[in-house]
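I opened this entry to keep track of what I looked up in one model.

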Amino acid sequence: MHCLRILRAIGFAEQACHRGQMSLARGLLRPMMAAMPELPEVETVRRGLAPHIEGRRIKRLTLNRPNLRFPFPKNFVAQMEGATLVHFARRAKYLLAEMQSTKGETFFWLSHLGMTGRFILTPPPVDKADKESQTPGVFAHEQAAPVADKHIHVDLDFDDGTHLAFADPRRFGFMDTIDKTPENSPFLARLGPEPLGNDFNEAVLLAAAQGRQTPVKNFLLDQSVVAGLGNIYVCEALFMAGISPRRKAANLGAKRVARLVPEIRNVLARAIAAGGSTLRDFAHEDGAMGYFQHDFKVYGRAGEICSAPHCSASVVRLMQSGRSSFYCPKCQR
Ligand SMILES: [Zn+2]
């Protein structure tokens, strides 16, 4: 019951976010654009923050409320304060920081951005930075649209004066800590291979598709098949691979899988590459989270002429398990 209510609330918020976000991006309204950050958005956050926080000790952690989507873990503050952030990694759409406690024990700090979660990094004060003869301007940024204080739920102070705030107006994000083995976390236990990692390949995808009667669109959204793929990039990868989202996973066959795997990687890699240049806006933007890549081939383009050369068909929108799929019925079989 509780889950259903959350899902419904997310759906509503997605539409609301979309109206603001895409009308800015294109000057047009497009129906049902999901606003959940996907793997490339999370990876870009990771890449942006890692050099500023890796190797730093947490001096102080302040929680401004008892919960986000879930309550913060018990002893969260005690566990985090004094600990060193050793490595800032990502698993699927989770940010996963390897931490070392004051006693030298390894644990993991997991955070999920939900829908509107974001980290805001403030560099050490300038005079301090000068004293430590850091290159001026390295941390420079403009805070054009500061997040309202009431939406900042977590404040982290590092030993060098770096401040990291977590803001999340809609509070679908959450945080947890994991002792020793991240694979044992209920959030990570059932995740499939990383789409950009070596464990994801044609043989693995083909084996997973065996006997699956579900449409390939839903199959690819199954996080136990491949971790971190979301609605937008699945639509785009299926278009690039010329595969209909309606095709049963069991009927993919080796040839289509051989086209699909590299297209999944390409679509994600392109979005990550596009993200790097807009990280500044991303980190400080208030309200809905934007996507880096707005030149989607099919996503959000229902009724428009397909962008494939020599194709005059229109992009079709189709509901699959409550989510919009966009595809070209002529190019995708
Ligand atoms: Zn087409």
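The notes below go through the sheets, then the core, then single residues.

**Ground rules.** I am working on a predicted model, in which local features need pLDDT of at least 70 and side-chain atom pairs count only at pLDDT 80 or more, while totals for chains, interfaces and linings use all residues. Residues are numbered from 1 along each chain as its sequence is written. For helices (H or I, at least four residues) and strands (E, at least two) I took the DSSP runs, numbered from the N terminus.

**Entry 1, sheet with β7.** I looked up the strand order and found β1-β6-β7-β5, an open sheet of four strands with antiparallel pairing. Strands count as paired if DSSP finds at least two bridges between them. At the edges I noted β1 (58-63) and β5 (118-122); each has a single partner strand, so one side of each has no neighbour in the sheet. Direction ignored, neighbouring strands here are turned by 15° against each other on average.

I then took the pair β6 (residues 152-158) and β7, which is antiparallel over five bridges. Across this pair I found Leu156 opposite Leu164 of β7.

Helix α2 (residues 39-53) lies across β5, β6 and β7 and runs at about 35° to β5. Such angles run from 0 to 180 degrees between N-to-C directions, with axes fitted as lines to C-alpha atoms, for helices over the stretch in contact.

I placed His163 in strand β7 (residues 163-167). The cut-offs are 20 or more other C-beta atoms within 10 Å for buried, 12 or fewer for exposed, and partly exposed in between, with C-beta atoms placed from the backbone.

Leaving aside neighbours within four places in sequence, I listed Thr122, Asp155 and Asp157 as the contacts of His163. A contact here is a pair of residues whose C-beta atoms, placed from the backbone, lie within 7 Å. I also checked His163 against Ile120: they are 43 residues apart along the chain, and their C-alpha atoms are separated by 8.1 Å.

β2 and β3 pair over seven bridges in the antiparallel sense, and I found His87 opposite Glu98 of β3.

How many residues of helix α7 (residues 231-241) are buried? I noted 11 of its 11 residues as buried. Just after α7, Gly242 takes a positive phi of about 70°.

The largest nonpolar core has 69 residues, and those with the most contacts inside it are Tyr233, Cys235, Ala237, Leu238, Phe239, Val298 and Tyr327. α7 gives the largest share of this core, nine residues. The core lies between domain 1 (41-184) and domain 2 (192-327), because both give residues to it. By nonpolar core I mean a set of buried Ala, Val, Leu, Ile, Met, Phe, Trp, Tyr and Cys residues joined through C-beta atoms within 7 Å; the domain bounds come from an automatic or database domain assignment.

**Entry 5, hairpin.** β9 and strand β10 (residues 323-327) pair in the antiparallel sense over five bridges, with Leu318 opposite Ser325 of β10. They form a hairpin with two residues between them, and Ser321 in the turn has a positive phi of about 50°.

Ala92 is not a glycine, yet its phi is positive at about 50°. I placed Ala92 in the loop between β2 (84-91) and β3 (94-100). Ala92 counts as buried because it has 22 C-beta neighbours inside 10 Å.

His310, also a residue other than glycine, has a positive phi near 65°. His310 lies in the loop between α9 (279-284) and β9 (316-320). His310 is exposed, with 7 other C-beta atoms within 10 Å.

Definitions and conventions:
Contact = placed C-beta atoms within 7 Å.
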